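Dear colleague,

I am passing on the structure below for your files. Please look it over before reading my notes.

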Amino acid sequence: MPEALNPLNAIESLNNFLIAGGNVLVVIMVATFIMWALILERVIYFTTAQGGVKSRAVRAWQARSEHTSWYALAVREKLLSEVKLAANSNLTVIKGLVAIAPLLGLLGTVTGMVEVFEVMAVTGSSNARLMAGGISKATIPTMAGLVASLSGILMTNILERAAAKSVSDTADAFDKVRD
């Protein structure tokens, strides 16, 4: 098996990366895994369950004998709200994790720079080799936080558009049923 494809090498490389980035990088990794788990849940929802939610709402609207009264319009809004709630589930949490990732990266920057200053204070000099570990701990979490945030922003936009389209398609289907 080639060295690059060996799972043990991948695990060792990940471990070295986490050590080089410090404790904050572990927090960024956990937050990113949670964010991507929620993103995958939403993608699975939109590819499998979302059609059923929409069709149930349309069937409930079609089952009504009357579609123009105030009460009927309130029922219509309720059905649309249920579709919207189901489509937007977990998007707020994903957005929160997207927003917190660069802040965690900044925290990693600060903790890494504190380590650099500690080395300078202890050694009484600006030895580049001694400072390199702290600089690494300052830059790696920043990069990781930004990468996690950018990937999350892209997927959040895609998921928000899919949710809006779901609600819009349901409303259009309701309009086709009107008396």
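What follows is a short account of what was found in the structure.

The model is predicted, so please read the values below as computed ones.

Transmembrane annotation. An unreviewed UniProt entry lists residues 17–40, 93–114 and 134–155 under "transmembrane region". In the model, residues 17–40 are 96% helix and 0% strand, with 25 Å between the end C-alpha atoms of the span. Residues 134–155 are 100% helix, again with 0% strand, and the C-alpha atoms at the ends of that span are 32 Å apart.

His-67. This residue sits in the loop that joins α2 (23–63) and α3 (70–87). Is His-67 buried or exposed? Its relative accessible area is 3%, and the cut-off for buried is under 20%, so His-67 counts as buried. The side chain of His-67 comes to 2.8 Å from the backbone oxygen of Trp-61.

Leu-103 has a relative accessibility of 55%; because exposed means over 50%, Leu-103 is classed as exposed.

Regards

Notes: Residues are numbered from 1 along each chain as its sequence is written. This is a predicted model: local features need pLDDT of at least 70, side-chain atom pairs count only at pLDDT 80 or more; totals for chains, interfaces and linings use all residues. Side-chain values use heavy atoms; hydrogens and water are left out. UniProt positions are given in the numbering used here, feature names are shortened, and annotations may be inferred rather than shown by experiment. Helices (H or I, at least four residues) and strands (E, at least two) are DSSP runs, numbered from the N terminus. Buried means under 20% relative accessible area, exposed over 50%, partly exposed in between (1.4 Å probe, protein chains only). A polar contact is a pair of N or O atoms within 3.5 Å; within protein, one must be able to donate a hydrogen and the other to accept it, and residues adjacent in sequence count only if both atoms are side-chain atoms.
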